[in-house]
Amino acid sequence: TSIVAFRANPPGCPPDRVEAVNHAIPQAVQARGRAFVTGTIYDGRETMRACILHPGTTEADLEALLSEVLTAARELGGNNGR
């Protein structure tokens, strides 16, 4: 399948905020306009999904997606890039 499900656990994020952070990341990533992920509930937990379909997808595209998710996770998780 071309769908990958994953969660963020930002360093320094209080454990009681991890669910809220994972819920908020897709919207934050989409608002930045460089990548697209969606949210879902998997096994009772907030989870992100990325669907990679285009045959021209490059490693650089995947790195950009990861960078956007990590940036949003840091910002929302209270670590602010530290």
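Predicted model: local features only at pLDDT ≥ 70, side-chain atom pairs only at ≥ 80, totals over all residues.
Against which elements do the buried residues of helix 2 pack?

**View 1. The buried residues of helix 2 and their packing partners.** Ala 64, Leu 65, Glu 68, Val 69, Thr 71, Ala 72 and Ala 73 are the residues of helix 2 to examine here, and they are buried. The buried residues of this helix pack against strand 1 (3-6), helix 1 (18-32) and strand 3 (45-51). An α-helix has 3.6 residues a turn, so residues three or four places apart point the same way.

**View 2. The span of helix 2 from end to end.** Helix 2 comprises 18 residues, 59-76.

**View 3. The hairpin of strand 2 and strand 3.** Strand 2 (residues 38-42) pairs with strand 3 in the antiparallel sense, over five bridges. Gly 39 has Met 48, in strand 3, as its bridge partner. Two residues lie between the strands of the hairpin, in which Asp 43 takes a positive phi near 55°.

View 4. Thr 47 counts as buried because its relative accessibility is 5%, and buried means under 20%. A polar atom of the Thr 47 side chain lies 3.0 Å from the backbone oxygen of Arg 45. With residues up to four places away in sequence not counted, Thr 47 touches Ala 5, Phe 6, Arg 7, Thr 38, Gly 39, Thr 40 and Tyr 42.

Conventions. Residues numbered from 1 in each chain as written. Heavy atoms only, no water. Helix = DSSP H or I, 4+ residues; strand = E, 2+ residues; numbered from the N terminus. Expected span 1.5 Å × (residues − 1). Buried < 20%, exposed > 50% of the residue type's maximum accessible area, 1.4 Å probe, protein only. Contact = heavy atoms within 4.5 Å. Pairing = 2+ DSSP bridges. Polar contact = N/O pair within 3.5 Å; in protein donor to acceptor, adjacent residues only side chain to side chain.
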